Amino acid sequence: MIAGLAFYAFAAVLIASAVMVVTSRNPVHSVLYLILAFFNAAALFLIAGAEFLAMILVIVYVGAVAVLFLFVVMMLDIDFVRLRQGFQRYAPIGAVIGGILFLELVFVLGAWQSSGQAPELRLNAMPADVQNTVAIGRVLYTDYVFLFQGAGLVLLVSMIGAIVLTHRDRVQSKRQNIEAQVTRRTQLDMAKVPVGASIGSLGILRPPVPEEKPKVIAHDDDHGHGHGGHH
Amino acid sequence: MTDFLNSPIGVLSLTLAQALALLVPLLIFVAYLTWAERKILGAMQLRKGPNVVGFFGLLQPFADAGKMLMKETIVPAGASRVLFIMAPMLTFSLAMIAWAVIPVNEGWAVADINVGVLYLFAISSLGVYGIIIAGWASNSKYAFLGALRSAAQMVSYEVSMGFVIVTVLLCVGSLNLTDVVLAQKTVWFFIPLFPMFVIFFISTLAETNRAPFDLPEGESELVAGFFVEYSAMTFALFFLGEYANMILMSSLTTILFLGGWLPPFDVAPLNLVPGPVWFILKVCFCLFVFVWVRATFPRYRYDQLMRLGWKVFLPISLIWLVITAGVLKVAGWLPT
């Protein structure tokens, strides 16, 4: 009974926050509601006994994707009035797409729940002594290993694409050569000063700086924007 | 008695008692961690540190807490009120709920769940929200800059931390924290996985926003970073959350690499000492190193921080992960 109550509580919050994602005026609030929705979805996974999926959902979506989302949305300079302008015009299209998705869900769940071959459609229950995580690993890395690798390759390609697109126009981007910075010789030298002795009495004071400063050798290549070592 | 404990009210009150038994000592630990930090920093900088309130300044944390309670909470004009108040509460409660899965001794965890490592990783990756929300809701440039820095920093270092955790999990074969500790009966993991141990420790420094990675606060450039606008209890909650997170990360290091509650050698005088004592000693050692690092190193520059995370730690941890997997497979040590 407690599980049922918890399910309805989480599901209600999930739907409410999903509605708020679409309707709230401030985009930052929308993202925060989205995070709340992710959380409740994770809780539903937990109730269904899929603890691994729940944790991965939180780590990947809440811990990484939504952070970047929030990051971008906070930095955007959004005109809220203009954002709402097309709402009336696009609302029917959105409603149609939503309706189609809803019907598809109904068909899938209906077939899964009440069709004649329902028991065969469902995956076999896993043996009691096998953990959820182990069970996923067994299926994912044996039966579906090529699909899994393929998904990884798609992600790799998109990642490289994003990097290339970002760096294409930035020939003049500021770079630092850390090695050159670290190995750069300056005129500073460490001196061991005994306790109580003044620096003047040791004769290690630097000679007065000549007018023409000798050029420091180990600059990184000359971009003309300084070498980043001073700040 | 057992009937009562099995009834819903009994289960609820038992859970409540367990949570209190964990959280009350934890909060006292946090209070004395702030005291110990000031004492150690004082000793390292040839000062005395707090020494006025109580013997050796032992009552200083409580005097500070009293001061924080008395002060007025100020919400700046133009701040997003609800989020402004919510952010410190989020930081603090996230630092607390992670403790549910930490096993201080065999079977002593409040919740001994199968995906304990993932739970901890998930909770620690949520810590960034308290900071981002605080920075955004304050409606202040400094706070916002601090929040942005912290978001980028925590996301970057989580990646290499994840790979380090995967390496450890390869050697354990389970996501359960108790199993992780028990797998270290023969040798603590920091010996075979020493480079990973170093990377993990440095990443925890970055993850808890501690020196030399305390750029989100960066008092010399950003005043106090994301919590400039906070005062009184809201500030105290951030403060408590940061220190509770330090203890959490230290105990995660202890569990993953330093053998949890296990004694260094399983011989007579050492294995008579109860497990929690070993656990607390190891956590204290990690915390001492945290403070030691703070007293020793200057703050990183922001680009250096990003370079270290993405160009140094990530490749090393990735390569070491592949090497570990290969060695385990070839030598046949792969746990089933």
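**A walk through the model**

Let's start with B:T167, which sits in helix 6 (residues 141-172) of chain B; helices here are DSSP runs of H or I with at least four residues, numbered from the N terminus. Before I go on, the ground rules: this is a predicted model, where local features need pLDDT of at least 70 and side-chain atom pairs count only at pLDDT 80 or more, while totals for chains, interfaces and linings use all residues. Residues are numbered from 1 along each chain as its sequence is written, chains are lettered from A and ligands numbered from 1 in the order in which they are written, and side-chain values use heavy atoms, with hydrogens and water left out.

Back to B:T167: is it buried or exposed? Buried, with a relative accessible area of 0%. The cut-offs are under 20% for buried, over 50% for exposed and partly exposed in between, using a 1.4 Å probe and protein chains only. Leaving out residues up to four places away in sequence, B:T167 touches B:L193, B:M196, B:W320, B:L321 and B:T324, where a contact means heavy atoms within 4.5 Å.

I'm using a 1 Å grid over the protein atoms alone: a cavity is a set of points where a 1.4 Å probe fits but cannot get out, a pocket is an open set with protein on both sides within 12 Å along at least five of seven lines, and lining residues have an atom within 4 Å of a point. Points are joined across faces, edges and corners, and the volume is the space filled by probe spheres set on them.

Next, the second largest pocket, at about 1,100 Å³. Of its 38 lining residues, A:F10, A:F39, B:I97, B:I123 and B:L126 lie nearest the centre. Helix 2 (27-47) of chain A provides the largest share, eleven residues. The lining has 30 nonpolar, six polar and two charged residues.

On to aromatics: there are 21 pairs over all chains. Phe, Tyr and Trp rings (the six-membered one for Trp) pair if their centres lie within 6.5 Å, with planes under 30 degrees apart called stacked, over 60 edge-to-face and the rest tilted. A:Y141 and A:F148 are edge-to-face, 5.0 Å centre to centre with 80 degrees between the planes. B:F190 and B:F197 have centres 5.6 Å apart and planes at 55 degrees, so that pair is tilted.

Last, confidence: pLDDT is the predictor's confidence in each residue, from 0 to 100. Chain A has a mean of 77, and 72% of its residues reach 70 or more. Over residues 219-231 of chain A, pLDDT stays under 50. Where pLDDT is low, the predicted coordinates should not be read in detail.

Definitions and conventions:
Helices (H or I, at least four residues) and strands (E, at least two) are DSSP runs, numbered from the N terminus. Ala, Val, Leu, Ile, Met, Phe, Trp, Tyr, Cys and Pro count as nonpolar, Asp, Glu, Lys and Arg as charged, and the others, Gly among them, as polar.
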